[in-house]
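Here is a short briefing on selected parts of one protein model. Look over the sequence and the structure first, then read the points below.

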Amino acid sequence: MAHRDFGFPYQPYTIQHDFMNALYDTLSQGKIGIFESPTGTGKSLSLICGSLRWLKDHEHAERASTQPTNDDQEPDWVRAFQATNRAEQQRETLRKERRDVLKRRIQRAREQEASKTPVVLGDENDRLKKRYKASQTKNTNDDEFLLDEYTSDDEGAKAKDENSNLSKEVRELLAKLETPKAEKRDEDEDDDFEELKIYYTSRTHSQLSQFIHEVHKTMYSDDIWTVPLGSRKNSCIHKDVKKLKSVQRINEACLDMQKQSSSATRCPYLPPKTERTQWNTFREHALAKVRDIEDLVKVGEQMGICPYYGSRHALRPAQLVVLPYQHLLHASTRESLGISLKNSVVIIDEAHNLIETVTSIHTVSLSYSQVRMAISQLGAYLQKYKNRLLGKNIAYIRQIVHIVKAILKCLEPTPDKKDSVIGVNDFVHRLNIDHINMFKIQKYLQISRLAQKLNGFIDKEQQSSVPTLTQIEAFMLALTNPDKDGRIVINYSDDPEIKYMLLNPAEVFRPIVQDARSIILAGGTMEPITDFTNILLHDVPSAQINRLSCGHIIPKTNMTVMSIDAGPTGKPLLFRYDSRQDEKLMDEVGQTIANLCNVIPDGVVCFFSSFAYLEQVYKRWSQSGNVLARLAKKKKVFKEPRESNQVETTLRDYAMHIDQTGGALLLCVVNGKMSEGINFSDQLGRGVIMIGLPFANRGSVELQEKIKYASEKYPDVADAGNEYYENLCMRGVNQSIGRAIRHKGDYAAIILLDQRYSHSRIRNKLPGWIGNRIEQCDKFGTAMGNTARFFKQFR
């Protein structure tokens, strides 16, 4: 292997160099990579340096391959190829010229920012007056909520409507013959050009900001054109719109202001598209530095340009695009932002929950109360405007009301109705709405913007900001999905609920796989990997998937991992569902934890399978025996709160008590707020204890349907349904125990309380850096001796 200088800001560890080399090779081969690298091993920096080194090398090779050649002695077929190559060379020359022009402009923007010279676009006084007028003007004209005349069923739209009853597969085939919207370009964009891109996405806003911070540490930060994409909520600089509470209202207010014809009511931060100079100036300043969303918002505020739309103008020439999951994983969001993944690299970080994330994004729920409110709101709107609505608006709104009333009737609780799961087609037939063309309804809602108009009307007339029709629109859109890919779940609880549940995330992810040249799925705990290969990437040949699981950078002596089969009295530790009521088992696990807390210093984090079981065990410890008293003598006991707004307070008190007294015990829940994204480094997590295996409730109708679907969809995978169920459990385990050991100098004990952890099937689904070190202790005394010796070396 040739030596590669990745420009790592520090002397890389061996595992970091291996990671970057494997990443570079995967991108060069155009494959999919599944990379596991524990937290604290410099995963983000390795991703940055490995991918950006490849990007720079690839660009250099591309430019070299288009250099002109002259040889009149070549055969005809060679000269024909060279003619084609010369056309490519001309395109590359034009692209290079445009790139050089933009490079000079960006350099001027950097110099301007370095000299702290303010950027003024147009007449600033007029701008200020305009902003003031926009924020003060109250539009009392009811016409702002009146729908435009709708005639899209006429000849102009006939071609598309003719396709509306075709299957999804046929429509997708026809769509491939058209130019994708994300790739269509206006004539006034001819001076722009497309750069080869790396799209980096992660789960949370803070993780994206941290990634940008890591880029700043590298040599690439000086010449990599980077743009972050965010939501309107995070990017808006209009003070009145920012005050709106819900994301949907912010989106709707923004879109409504763009539709205004009067300059007094249009958004003052959104110049017309024809004002290319203003947009280009923003683009140049956006690309002048590697910025996160907060930095980009400051640029927008200084220049008086909307950062949300300004970032789109910086998208085409950008080389590194940083964006949240929703923007990448949702097709309509990609399209609306102008994101084309063609020939691009996609890096999905924190990808351990990718399947659940894709499923969640495409799952839509409606409650009985929401549907009733929507009917009331539509009735009020029709009462107000029915004599003024033009075109086919009345007909379509009546169809929508008919659908919503059918859903309401389905949700009305009666003694004979029971929870059920049915197919989309069966649901549509049951509601007797199968005669309605859902594709036309979908198109009407999209073009007319009825939901936005209705929400604005209700907001003004009834002082209510509950955007119910927006949710119903999303549900109707889900009904156009193929019957085989989802189910309708009906639940008759206190407030009956209906839900479209996506069962086939691979179908949603497939366009990303097809378009991108390479995809990297990275995380600290990617096991069990079989879910990715069996479900999300089922149709991808195994030869096209590269896998890497890195060890940890800590010395072997800094971590001990044990599975314990029995407690202090010898009672087997087996936390099956049917043993949840076993009080003797609750007492045994209490004594086990109390004994371990005697030899584990500082903070100990203990994970239960659910809030219900945690409360049950805690209640038992409180009412009988001396478990809580024993624990309190050594460590103060804290419990994870159910309310998310109390998590931070609990963590602060837990950390403070460790600092002040030297010991605390935190009782948490797998898949709770504290099992993911929380850093229990150093004294906060000297011990991590996992109680049992957190299998989900198999009585859940939704889970049963997913298990059944997996078994039927993937017959080539042995016991696919149970494999999915088991993997769901093990991902929760892996995320929880991964909270410990966060840097090279850290040390901790990871203790697994359940006999089943001794089974090879379970062990093989633990992260490699944990599973390879596990020691089975069939007697509790052995585990106590190992734990005491482990911590003795750090005194």
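Q452 is buried, with a relative accessible area of 15%; buried means under 20% relative accessible area, exposed over 50%, and partly exposed in between, using a 1.4 Å probe and protein chains only. The model is predicted: local features need pLDDT of at least 70, side-chain atom pairs count only at pLDDT 80 or more, and totals for chains, interfaces and linings use all residues. Residues are numbered from 1 along each chain as its sequence is written, and side-chain values use heavy atoms, with hydrogens and water left out.

- Q452 sits in helix α21, residues 450-461. Helices are DSSP runs of H or I with at least four residues, strands are runs of E with at least two, and both are numbered from the N terminus.
- Leaving aside neighbours within four places in sequence, Q452 is in contact with E252 and D256. Contact means heavy atoms within 4.5 Å.
- Both E252 and D256 are among the buried residues of α10.
- Helix α10 covers residues 247-259, and its 13 residues should span 18 Å at 1.5 Å a residue. The expected span is 1.5 Å times one less than the number of residues. The end C-alpha atoms of α10 are 19 Å apart, which agrees.

- Strand β16 takes in residues 687-691, and five of its five residues are buried.
- In a regular strand the side chains alternate between the two faces of the sheet.
- On one side of β16 are G687, I689 and I691; on the other are V688 and M690. Both faces are covered.
- β16 pairs with β13 (residues 602-608) in the parallel sense, over four bridges. Two strands pair if DSSP finds at least two bridges between them.
- V688 in β16 stands opposite V605.
- β16 also runs parallel to β17 (residues 748-753), joined by five bridges.
- M690 has L752 in β17 as its bridge partner.

**L537 in its loop**

- L537 lies in the loop between α24 (530-536) and β11 (545-549).
- L537 is buried, with a relative accessible area of 1%.
- Not counting residues up to four places away in sequence, L537 touches I32, I34, F509, V513, L521, F532 and I545.
- R510 is 27 residues from L537 along the chain, and their C-alpha atoms are separated by 8.2 Å.
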